[in-house]
Structure formats: C-alpha cells, structure tokens
Amino acid sequence: MEEKIYKTMGSTGAASLTVGICVLAGGIAAGILLIVNGARLLKNRAKMVF
C-alpha cells in the first residue's frame, strides 16, 4: 500500500513540475511579445492618425 502511494506521489510531482515549466515558458514568451509590440507602437506613434 505504501509503495503505491510513493509511486503516485512521484508521478504527481513530475507532472506538476512539467506543467510549471510549460506555464513559465508561456508566460515569458507572452511577456516578450507584449514588450516588442509595445515598443513598436511607441516607435511609430508619430505616424498614427486617428
């Protein structure tokens, strides 16, 4: 019984680590895209006409 719990905890920990890395990578990528697009908007703000 204890061995089954130990294996379950190990696989759950590995899955949590994998999900955490994916979320971190997605957050960093989204942040970089937002910064680049914001800089592009600021660079071209003189050309914008409303």
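Begin by selecting Glu3 and Lys7, which both lie in helix α1 and are four residues apart, about one turn of the helix; helices here are DSSP runs of H or I with at least four residues, strands are runs of E with at least two, and both are numbered from the N terminus. The model is a predicted one, in which local features need pLDDT of at least 70 and side-chain atom pairs count only at pLDDT 80 or more, while totals for chains, interfaces and linings use all residues. Residues are numbered from 1 along each chain as its sequence is written, and side-chain values use heavy atoms, with hydrogens and water left out.

Stay with this pair and show the side chains. Glu3 forms a salt bridge with Lys7, and the closest N and O atoms are 3.5 Å apart, where a salt bridge is defined as a side-chain nitrogen of Lys or Arg within 4 Å of a carboxyl oxygen of Asp or Glu. Side chains of opposite charge can pair when their charged atoms come close. The structure holds one salt bridge, and both Glu3 and Lys7 are exposed (buried means under 20% relative accessible area, exposed over 50%, and partly exposed in between, with a 1.4 Å probe and protein chains only).

Next, select Thr12, which is also placed in helix α1 and which counts as partly exposed because its relative accessibility is 45%. A distance drawn from Thr12 to Cys22, C-alpha to C-alpha, spans 15 Å in space for 10 residues in sequence. Ala14, likewise found in helix α1, is partly exposed at 42% relative accessibility, and its C-alpha is 41 Å from that of Leu41, 27 residues apart in sequence.

Then move to Leu24, in helix α1, which covers residues 2-43; Leu24 is exposed, with a relative accessible area of 56%.

Finally, zoom out to the whole chain, whose secondary structure comes to one helix and zero strands. The radius of gyration is 22 Å, well over the 10 Å that the globule rule gives for 50 residues, so the chain is more spread out than a compact globule; this radius is taken over C-alpha atoms, and the rule is 2.2 Å times the number of residues to the power 0.38. Along the principal axes, the C-alpha atoms fill a box of roughly 70 × 15 × 5 Å, and 0% of the 50 residues count as buried.
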